Every structure is written in C-alpha cells, then in structure tokens.
Amino acid sequence: AGARYVAVRPGPLLEGFGQVIVPTGVIVVDRAQPGQAAEAHLVARFEPVQIGDQLVPIDPSPAGAGRPSAVSGGAETFVLWMKSEPVLPSLQSYVVVAAAPGMKAGDQISLYRPRRMSPYGVLLPESEIAVAQIVRVTAQGATALLIDQSYAGIEQGTHARVTAKMP
C-alpha cells in the first residue's frame, strides 16, 4: 500500500536510441494483500489510461537532495523527440534528449542555438532557448520538463548541455 506507479504505453521507436515510453497516468496502491488482486486509484491522468498500459515504479525522490547547483562545461546532448510534435513547445512540455555522461534526475539542461553565421555574413552569438529539468534517465536517453523558456525554436536536434547538477 502506498506504492506509486506511472502507467505507460509504447510510443515511437527512435532509430539507434530505443523505444519511447509515453506516460498516461500515475497510480497509487491502496491495498495489497498476498494472494489477492491489489486495489489502486488514479491520481494523475495525462492521456486515457487503458487496459494493457504497463506500470513502472516511480523512483522515490531522495530526501533532502536539495537544488541543482550551476556547473560550467556540462555534458552536451540534443533533443531526440517531443511529445505530440508541437509546433511551439512551451513550458511544461516534455522532451526526450540523448543520454549524457553523469546525467541524473533533478539535473537541469539548457537548450540553445549554437553560434552561427547569418545569411548576411554576420556572426550570431550562442543563445539560450529554454531550461529543462531532467525527470527520468535511461541508458539511451533522458526525459526533461521545460521549466523556463526565452525563445521559440525547440525542435528535434536542438542542442542542449547540462548547466546545473544535483548534489
């Protein structure tokens, strides 16, 4: 009783990275007795939760973990996929990025446009597009929630780097 699970279903297959798993809801177990079916209820719904959705245990957040601390020269990554392929992803949108060495839940990444030359021959500086917080990490990729955004333009392939690490 009290265990929390996220209900998920398979999403698209990202060639060379793996299967995206789309969360549909959060389930909390009310009663669990040996030899009997468990009773649970839905506490959050992101999409219709259906028979056949799988349950994945939710990792407990470490007690007193604190807040992420700024780092320089963090690991580089890039956006692999965005839920529903929005034209203008915004705050509270989820993105999947390629896994980066040492990345863990709670870390923050900055999505950015690298320095580039304009069609008119002017060097455009690097510019931060958004900040996202890592919520889940696997060997192939990580899911991040957009928590701050300065500009539009997040799309598949957008550059990102770890800019704050959890203690």
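Guide:
**From the strands to the ring pair**

In this predicted model, the secondary structure of the protein comes to 13 strands and zero helices. Read along the sequence, the pattern is therefore β-β-β-β-β-β-β-β-β-β-β-β-β. Taken along the principal axes, the C-alpha atoms fill a box of roughly 70 × 35 × 25 Å. The protein has 167 residues, and buried residues make up 33% of them. Among contacts between residues at least 6 apart in sequence, 58% join residues at least 24 apart.

Now to the part you asked about. The structure holds one aromatic pair. Its members are Phe-17 and Phe-78, whose ring centres are 6.0 Å apart and whose planes stand at 75°, so the pair counts as edge-to-face. Phe-17 belongs to the loop between β1 and β2, while Phe-78 belongs to strand β6, so the pair ties together parts that are 61 residues apart in sequence. Are these two residues buried, exposed or partly exposed? Phe-17 has a relative accessible area of 31% and is partly exposed, because that value falls between the limits of 20% and 50%. Phe-78, also at 31% relative accessibility, counts as partly exposed.

Leaving aside its neighbours within four places in sequence, Phe-78 is in contact with Phe-17, Val-96, Val-97, Ala-98, Gly-157, Thr-158, His-159 and Ala-160. For one of these, Ala-160, the C-alpha lies 5.1 Å from that of Phe-78, although the two residues are 82 apart in sequence.

Thr-158 sits in the loop between β12 (141-149) and β13 (159-165). With 7% relative accessibility, Thr-158 counts as buried, since the limit is under 20%. The side chain of Thr-158 reaches the backbone oxygen of Glu-155 at 2.8 Å. Not counting residues up to four places away in sequence, Thr-158 touches Thr-77, Phe-78, Val-79, Leu-111, Tyr-112, Ile-129 and Gly-153.

The elements that give two or more residues to the lining are β1 (4-14), β2 (18-31), β4 (54-57), β6 (76-82), β7 (94-98), β11 (127-137) and β12. The largest share, seven residues, comes from β2. By type, the lining residues divide into 29 nonpolar, nine polar and six charged.

Asp-53 lies in the loop between β3 (39-45) and β4. At 16% relative accessibility, Asp-53 counts as buried. A polar contact of 2.9 Å joins the side chain of Asp-53 to that of Thr-24. Apart from neighbours within four places in sequence, Asp-53 is in contact with Ala-7, Val-8, Arg-9, Thr-24 and Pro-48.

To return to the ring pair: Phe-17 and Phe-78 meet edge-to-face, and Phe-78 is also in contact with Thr-158, a buried residue of the loop between β12 and β13.

Conventions: Residues are numbered from 1 along each chain as its sequence is written. This is a predicted model: local features need pLDDT of at least 70, side-chain atom pairs count only at pLDDT 80 or more; totals for chains, interfaces and linings use all residues. Side-chain values use heavy atoms; hydrogens and water are left out. Helices (H or I, at least four residues) and strands (E, at least two) are DSSP runs, numbered from the N terminus. Buried means under 20% relative accessible area, exposed over 50%, partly exposed in between (1.4 Å probe, protein chains only). A polar contact is a pair of N or O atoms within 3.5 Å; within protein, one must be able to donate a hydrogen and the other to accept it, and residues adjacent in sequence count only if both atoms are side-chain atoms. Contact means heavy atoms within 4.5 Å. Ala, Val, Leu, Ile, Met, Phe, Trp, Tyr, Cys and Pro count as nonpolar, Asp, Glu, Lys and Arg as charged, and the others, Gly among them, as polar. Rings of Phe, Tyr and Trp (its six-membered ring) pair if their centres lie within 6.5 Å; planes under 30 degrees apart count as stacked, over 60 as edge-to-face and the rest as tilted.
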